[in-house]
Amino acid sequence: CAASRQATCAAACIPVPWLCDGEQQCPDGTDEQCGQGAEFCTLSSVCGTKKLQCPGTHHCIPHWELCDRHQDCEDGWDEEGCPQQPCLPGQWQCRNRVCIMAEWKCNGIDDCGDSSDEDVCAPCPLGMVRCDEGKCILESLMCNDEDDCLDGTDEPSTCGELGMAAAQKAEAMGELSCFMVMGYPLYFLPACSCQVCSARVDIRSGDLYWLAFLHLSCPRTHVPCRDGTECVAQEYMCDGEKDCADGSDEDGCAQLCNTPGRSHSSYPCGLGACLNASLVCDSRQDCVDGSDEGGNCSVHCQRSCAHLCYPSPQGPRCWCGPGYRLAKDGLSCVDIDECTEWGEGACSQICLNAPGSYSCSCLPGYLLEPDGHVCKLTGPEPMLLVAVQSEVLSYGLRSGREEVLLATDKDRVVFSLDYDLVERKVFWMDLATETIRWQELNSGKKGTLVKGVRSDCIAVDWLGRNLYWTDGAAGQVLATRLGAVWKGIPEYTVVVDGDLNQPHSLVLQPLAGLLYWSEVGSHPRLMESTMDGSRRHVLLAQGLGWPTALALDLPTQRIFWLDEKLGSVGSARLDGTSVKVLKLGWVRSPFAAAVCEGQLYWSERKIWSVQQVDKTSGKNRTVLLKRHGQPHGLQVPIWGAPNPAVPALLGTNGCAKSNGGCAQLCLPNP
């Protein structure tokens, strides 16, 4: 493969970041055979699995020397085709030219992906050690038979010898109870007040030392698995899927006969199974332990039950029909409000409760699926717009069809983007020229909206005919007219400024005349204001790290965010209540996000992909796009948008009709 940062795989080429990313690209799967003794199909046998071979030579370099601004291959192959985009003020450029927030440097985390933000810093934080290439890793990853350091220095050849020596030494000392780690007997030391102590090796000196593992600490919205190795969201408990590696999130769940969706006429067997009450005391053993028979089964029902009375080994009991639960008096039944208790688990949009039941309906423009729960868009296929390096692609969310909508100069990067539903124009931020540009999809006509601006995110008010953007360095949100023509003088206004702490992502609600943005400074928060910048207030200021990507889901009136620092997906109602956070291991470097129907989509910069998950559960992750370039902006426009000339659809956006009577810029104040 001629291009830089690519490697051969059978008859195709794939970027190096796609190696060991959890998605098979090579037909034989060798791009995912990491640390298994097999060589990557992309790498020459001369260099082995840890390094890349400079074309036409026997010279080998590690992955992290690609695009590090230093020519390591004689012909400069390792520096060819590397991204040239500059970083914004307040950001720091890594060796591989990825831009990160300046304060992320020397935080003990490899935010760059090549460790360049950590390899010139002070010693690693407590509990971490530095690889020879500069990256900090957890001490617990030493000698675990996996190369966590790119150069393999966490797995020295003496690991096995020292591990066995440690075990023998501990055994000779007569230490306490034995615990098996990596096949070697390791022991609790008397000084340990924690769960496990194990032998580890210092990378630099090779000295043996003992390491104590503390109890796993989970966020308040998560619970630990029994084996103590991971946390799962509370919503994942007893949902019928094993999310813990040891399956402990599903243990004992059959005893919970009143979980959502299960009949409230259920009887818990002694060993955990949940049995329909009609099968209890029927002279047939249905519970494995026989706990559904015997006892007081022969006692006749003489209670004044509101619904049904069944015999049980504990004596006669009242039961309720579907959609009801037994009241505290043990006799009457009360209606279950599925809409409130189940939330989006009941209906994807509108839920109407009824005695003993509920029904779902959809907003205009959506159609209820045959399952009676899920709403789907009517009309044309919804499309995902994605900026990948110098191109903007469309991806059919039903068909999976890809198409290049527009392409800029190869040396420019399409950063943030948005779409004008009325004039079918794509707007994007060009960091290289500090310009916001546009192109009509129908005619291909191009133009420049404004120059001399730098922004992480732009957003189009297609109803009020304005474009907004954030300036993280200046701490401002700004706006200009969509119909502005560049005449050499910037024509825009500052909408919000003051105490903004690095505003980053930005989303609009044109029908309501509201805007939302995230701040990723020292005090991260989510903010809301009217589109003229007034009535500003804090939506959320707790439980955030770096909320770098925002998305609105108007049918459910929720705002979603992806947090790069915490590796999580969060959502809340538009009034800041009903906060829900899911910690997901595959959220690494999110840039932009969008919600459509039941799915959340986002772009991942470090592993060059666009992914989706179920917006409610965070499950069913799918990689939609993998291209030879870094994805940035992402949107899901609704192609059949309402006509702003129809008064009923103008909402509270006062600028939607006749520009609000303004001669130039009109900013809505609902």
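Is E597 buried or exposed? I looked it up, bearing in mind that this is a predicted model. E597 is buried, since its relative accessible area is 13% and the cut-off for buried is under 20%.

Next I checked the partner. E597 makes a salt bridge with K376, with 3.4 Å between the closest N and O atoms. E597 sits in the loop between β44 (590–596) and β45 (599–604), while K376 is in strand β24 (residues 375–377), so the pair ties together parts 221 residues apart in sequence. K376 is partly exposed, at 28% relative accessible area.

Other salt bridges. My search of the whole structure turned up 19 of them. One of these joins D499 to R536, the closest N and O atoms being 3.1 Å apart. D499 is in the loop between β35 (493–496) and β36 (503–509), and R536 is in the loop between β38 (525–530) and β39 (537–540), so this pair ties together parts 37 residues apart in sequence. For R536 I get a relative accessible area of 33%, so I note R536 as partly exposed.

E564 belongs to the loop between β41 (558–563) and β42 (568–573), R605 to the loop between β45 and β46 (609–614), and they are 41 residues apart. Both E564 and R605 are buried. I noted a network too: salt bridges link D409, R412, D430 and R437.

Then S390. It lies in the loop between β25 (383–388) and β26 (391–396), and S390 is buried at 5% relative accessible area. Leaving out residues up to four places away in sequence, S390 touches L406, A407, T408, D409, K410, R412 and V414. Two of the network residues, D409 and R412, are in that list.

On to a sheet. I find an open one of 4 strands, ordered β28-β29-β30-β31 with antiparallel pairing. Its edges are β28 (414–420) and β31 (446–451), each pairing on one side only. Strands β29 (residues 425–430) and β30 (residues 435–440) pair over 6 bridges, and V426 has Q439 in β30 as its bridge partner.

Last, the cores. Which residues have the most contacts inside the largest nonpolar core? They are L384, I436 and L467, in a core of 46 residues. β25 supplies the largest share, 5 residues. Another core lies apart from it, with 18 residues, among them A549, V569, L584 and V613.

Notes. Residues are numbered from 1 along each chain as its sequence is written. This is a predicted model: local features need pLDDT of at least 70, side-chain atom pairs count only at pLDDT 80 or more; totals for chains, interfaces and linings use all residues. Side-chain values use heavy atoms; hydrogens and water are left out. Two strands pair if DSSP finds at least two bridges between them. Helices (H or I, at least four residues) and strands (E, at least two) are DSSP runs, numbered from the N terminus. Buried means under 20% relative accessible area, exposed over 50%, partly exposed in between (1.4 Å probe, protein chains only). Contact means heavy atoms within 4.5 Å. A nonpolar core is a set of buried Ala, Val, Leu, Ile, Met, Phe, Trp, Tyr and Cys residues joined through side-chain atoms within 4.5 Å. A salt bridge is a side-chain nitrogen of Lys or Arg within 4 Å of a carboxyl oxygen of Asp or Glu.
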